[in-house]
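Biologist: Please take a close look at the aromatic side chains in this model, and explain the terms as you go.

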Amino acid sequence: MKTVEDYVTSIPDFPEPGIIFRDITSVIQDPEGLQLAIDGMEKFLDGVDFDLVAGTESRGFVFGAPIARDMKKGFVLIRKKGKLPRKTICQEYDLEYGTSAVEIHVDAVKPGQKVVLVDDLMATGGTIEASIKMIERLGGQVVKVIFLMELAGLKGRERLKDYDVDSVIIYPGN
């Protein structure tokens, strides 16, 4: 029987020499791979009390929306700055060379709501940390953070040490 990891395509020396790019498009284009990925992420929600699922642009949408549907919860979009049409709050975060920003609608999370945050990949944890800050600014509580893949060598888990974090696949390097 295949595992979700069997569907990940590893591409050496992309985007630069020495990097192994873990491509999830091969996971989501296969019905069995996609089902294994979503099932694997949903297993981390057994016994978790939550109100909403939030996903970060754009691959967090791919996994977060089906999880929200399966769990009969609402889904919240966290997008790159300037992409949401209504009033938003914004959170900047550091990149290797510069900064970026994500936004969420001001009415997306209500005070006291418990949120599960979903993304495809944890690298340094910057995007998710920014997303958590916005959810908390709105009065929400992040009760779980779920990734399909984690690059443990980039130490994102250390950045998110105060949160309940799980990953379906953990790669030891970066």
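Modeller: A charge is said to sit over a ring if NZ of Lys or CZ of Arg is within 6 Å of the ring centre and within 35 degrees of the ring normal. Keep in mind that this is a predicted model. By that definition, Arg 22 lies over the face of Tyr 171, at 3.8 Å from the ring centre. There is also a case with a lysine: the charged end of Lys 73 is placed over the ring of Phe 50, 5.1 Å from the centre of that ring.

How many aromatic pairs does a search of the whole structure find? The search finds two. In one of them, the rings of Phe 14 and Phe 21 have centres 5.4 Å apart and planes at 85°, so this pair is edge-to-face; the reason is that planes over 60 degrees apart count as edge-to-face. Phe 14 has 43% relative accessibility and therefore counts as partly exposed. Phe 21 is also partly exposed, because its relative accessibility is 34%. Partly exposed is the class between buried, under 20%, and exposed, over 50%.

The other pair is Phe 61 with Phe 75, and this pair is edge-to-face, with 6.2 Å from centre to centre and 85° between the planes. It links distant parts of the chain: Phe 61 belongs to helix α3 (residues 59-71) and Phe 75 to strand β4 (residues 74-80), 14 residues apart. Phe 75 is partly exposed, because its relative accessible area is 27%.

Now back to Phe 14, to see where this residue lies. Phe 14 is in the loop between β1 (9-12) and β2 (20-23). Together with Ile 11 and Phe 21, Phe 14 forms a nonpolar patch on the surface, and the accessible area of these three residues together is about 240 Å².

Is Val 27 buried or exposed? Val 27 is buried, because its relative accessible area is 0%. Val 27 is found in helix α1, which covers residues 25-28. What is Val 27 in contact with, leaving aside its neighbours within four places in sequence? Its contacts are Val 4, Tyr 7, Val 8, Gly 33, Leu 34 and Ala 37. Glu 129 is 102 residues from Val 27 in sequence, and the two are 25 Å apart in space, C-alpha to C-alpha.

Key: Residues numbered from 1 in each chain as written. Predicted model: local features only at pLDDT ≥ 70, side-chain atom pairs only at ≥ 80, totals over all residues. Heavy atoms only, no water. Patch = residues over 30% accessible without salt bridge, like charges linked within 9 Å, V, L, I, M, F, W, Y side chains within 5 Å. Areas by Shrake-Rupley, 256 points an atom, 1.4 Å probe, with all protein chains shown as cover. Salt bridge = Lys/Arg side-chain N within 4 Å of Asp/Glu carboxyl O. Helix = DSSP H or I, 4+ residues; strand = E, 2+ residues; numbered from the N terminus. Phe/Tyr/Trp six-rings, centres within 6.5 Å; stacked < 30°, edge-to-face > 60°. Buried < 20%, exposed > 50% of the residue type's maximum accessible area, 1.4 Å probe, protein only. Contact = heavy atoms within 4.5 Å.
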